[in-house]
Amino acid sequence: QQTNTEQLSIVDAHAVHGIETADATFVVVGKGFEYEARGESVPPTEGFVAQLNSKGKLLYKWRSRVSGNDACNAVVELPNGKFLMVGYRTVSSAYSRSLTLFDKTLTEEWTTVDFG
């Protein structure tokens, strides 16, 4: 049986923030090394969001899949059941703060790095 980390396809994944949702699931965000880059001397990091049920089964997942070093730092559930995540992404070789909106199944609706 795969662990949730293996199911995320991220090496050394570690959550930095998590919430319990209105429907009694859990959403965690964090970062790890890109699975596809394993074996590199310094692999790039990749942000992730995962939703688990009360028994720890992975329900939905999302990976940033952006070239560079990315991270997901915090998440909130909105009144409509969607999720807003804050983190950073590499844009033009520089770190940029990011906001990403997800639907209830962690499908990315939009991301912006143009704020504040």
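Where is the place of D70? D70 sits in the loop between β4 and β5.

The model is predicted: local features need pLDDT of at least 70, side-chain atom pairs count only at pLDDT 80 or more, and totals for chains, interfaces and linings use all residues. Residues are numbered from 1 along each chain as its sequence is written, and side-chain values use heavy atoms, with hydrogens and water left out.

D70 is buried yet has no salt bridge. Buried means under 20% relative accessible area, exposed means over 50%, and partly exposed lies in between, with a 1.4 Å probe and protein chains only. A salt bridge is a side-chain nitrogen of Lys or Arg within 4 Å of a carboxyl oxygen of Asp or Glu. For charge, Lys and Arg count as positive and Asp and Glu as negative, while His and the chain ends are not counted. The nearest side chain of opposite charge to D70 is R89, at 5.6 Å. Leaving aside neighbours within four places in sequence, D70 is in contact (heavy atoms within 4.5 Å) with residues including K31, E46, G47 and R89.

Eight of the eight residues of β3 (residues 45-52) are buried, so the strand is largely enclosed by the rest of the structure.

Strand β3 has pairing partners. Two strands pair if DSSP finds at least two bridges between them. Strand β2 (residues 26-34) and β3 pair in the antiparallel sense over eight bridges, and K31 stands opposite G47 in β3. β3 and β4 also pair in the antiparallel sense, over five bridges, and V49 has W62 in β4 as its bridge partner. β3 and β4 form a hairpin with five residues between them, where G56 in the turn has a positive phi of about 90°.

The rings of W62 and F102 have their centres 4.9 Å apart and their planes at 70°, so the pair is edge-to-face. Rings of Phe, Tyr and Trp (its six-membered ring) pair if their centres lie within 6.5 Å; planes under 30 degrees apart count as stacked, over 60 as edge-to-face and the rest as tilted. W62 lies in β4 (residues 58-63) and F102 in β7 (residues 94-102), so the pair ties together parts that are 40 residues apart in sequence. Both W62 and F102 are buried.

The next strands also form hairpins. Strand β5 (residues 71-77) and strand β6 (residues 83-91) pair in the antiparallel sense over six bridges, with V76 opposite L84 in β6. Their hairpin has five residues between the strands, and G81 takes a positive phi near 90°. β6 and β7 pair in the antiparallel sense over nine bridges, and R89 stands opposite S96 in β7. Their hairpin has two residues between the strands, and S92 in the turn has a positive phi of about 50°.

E109 is found in strand β8 (residues 108-112). E109 is partly exposed, with a relative accessible area of 37%. Its side chain makes a polar contact with the side chain of K82 at 3.0 Å. A polar contact is a pair of N or O atoms within 3.5 Å; within protein, one must be able to donate a hydrogen and the other to accept it, and residues adjacent in sequence count only if both atoms are side-chain atoms.

Methods: Helix = DSSP H or I, 4+ residues; strand = E, 2+ residues; numbered from the N terminus.
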